[in-house]
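Keep the model open as you read.

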Amino acid sequence: MGSEQALTLYQELRDVPGEGFDDAARRLSLTAAEREQCRAELAALGLIEPPGADAAPVVVPPDTALLRLLQHERERLEHRLAETSRAHTSLETLAGPFLRSGTEPGSEVEVEIVEDPARIRRELAELTETVRSSVHSMLTGSVRRDEMCLELDRDRERTARGVRVQAMYSHRVGQVPEMAQHLAERTALGVEVRLSAVVPMNMVLADENFALLPTDPHDPESAAILARGPGLVRSYRALYDYCWHAATPYGREEPAEHGGDGLSEQQRAALRMLASGIKDEQVARNLGVSLRTVSRLISELMQELDAASRFEAGVRAARLGLLDGEPYEPPA
């Protein structure tokens, strides 16, 4: 009822420019509590800017309010990304001496920079034979066709020995037909596969004693960091577990919940792009779907958010926190 009253009051204020907030509320027979609730709700949405108690409020057009709300969300994201970047720089500073020296004397952690791709392949092949309990991997892109059979052979050998194998890919990779077939085959062999909206880097972990990851997470072709020893590998495992629990098991849809939590990952990606001001045509290209499918996604978004317009859907999404998190990144 509060939202309906706020909407009605907002329309009254727009219809009668210069009218005081309390005057409009009295004409609608709102109680003092209802009036303050509406005032707080409209101010939170940025639809009014109060100059005084009973003076005429500044009524903000819906499109302007939405743009300000989205700008606020964007600034929050930029702040969080800046904080993450500063933390990453601090970690690089701390890890620098270890990376330069290779092996730290007296420490249980060994770190090495490997630039030879053939050496990396040998390490992964040896890992299949030496791993005892678990292998955890995440991959930002697709597996090359000539490596798919090799990966399945490794899966058979590991799972036959009772090794737990977990693999994480991005949702967009799972939409590639050839990769979808490969993931289905891995799942059939007993590999636990999950899909995530964001996969931060390529990574392979084993037995909490082995880690292989790129020196530059944004460049898959960069030299690799080869780390051995639980002191460092456990930290990477904590990052992996966080991403794993936020991912969706392959072949299973996310359960629908109230308040927009039932949106599919594709719908969430479309919502984030639309909130960033991306046109429908670009949304279709980024998602690899037709313009008609984008129209259907928008219709489903509005229905899930119980919104009568894109503006209302944007406001609802912002209030529910659906625009928080990492922005959608289209395929390169």
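Two strands pair if DSSP finds at least two bridges between them. Strands (E, at least two residues) and helices (H or I, at least four) are DSSP runs, numbered from the N terminus. This is a predicted model: local features need pLDDT of at least 70, side-chain atom pairs count only at pLDDT 80 or more, and totals for chains, interfaces and linings use all residues. Residues are numbered from 1 along each chain as its sequence is written, and side-chain values use heavy atoms, with hydrogens and water left out.

S8 pairs with strand S9 (residues 224–228) over 5 bridges, in the antiparallel sense. Within this pair, Pro 214 has Ala 224 of S9 as its bridge partner. Both strands belong to an open sheet of 8 strands with mixed pairing. The order is S3-S9-S8-S7-S4-S5-S6-S10. At the edges lie S3 (110–114) and S10 (248–249), each pairing on one side only. Helix H8 (residues 177–188) packs on the sheet, where it touches S5 and S6 (192–196). Its direction makes about 160° with that of S5.

H8 also packs against H6. The angle is about 10°, and the axes are 10 Å apart. Axes are lines fitted to C-alpha atoms, for helices over the stretch in contact, and angles run from 0 to 180 degrees between N-to-C directions. H6 and H8 are therefore roughly parallel (under 35 degrees). In this contact (heavy atoms within 4.5 Å), H6 uses Arg 145, Met 148, Glu 151, Leu 152 and Asp 155, while H8 uses Glu 178, Met 179, His 182, Glu 185 and Arg 186. By class, that is 3 nonpolar, 1 polar and 6 charged residues. Ala, Val, Leu, Ile, Met, Phe, Trp, Tyr, Cys and Pro count as nonpolar, Asp, Glu, Lys and Arg as charged, and the others, Gly among them, as polar.

How do H10 (residues 265–275) and H12 (residues 291–304) pack, and at what angle? Their angle is about 95°, with axes 10 Å apart. They are therefore roughly perpendicular (65 to 115 degrees). Gln 266, Gln 267, Ala 270, Leu 271 and Leu 274 of H10 meet Leu 297, Ile 298, Glu 300 and Leu 301 of H12. This contact has 6 nonpolar, 2 polar and 1 charged residues.

Now the second largest pocket. A pocket is an open set of points on a 1 Å grid over the protein atoms alone, where a 1.4 Å probe fits, with protein on both sides within 12 Å along at least five of seven lines; lining residues have an atom within 4 Å of a point. Its lining has 36 residues, with Ile 120, Leu 124, Leu 139, Glu 147 and Asn 202 nearest the centre. H6 gives the largest share, 6 residues.

How values were computed. Angles under 35 degrees count as roughly parallel, over 145 as roughly antiparallel, 65 to 115 as roughly perpendicular and the rest as oblique.
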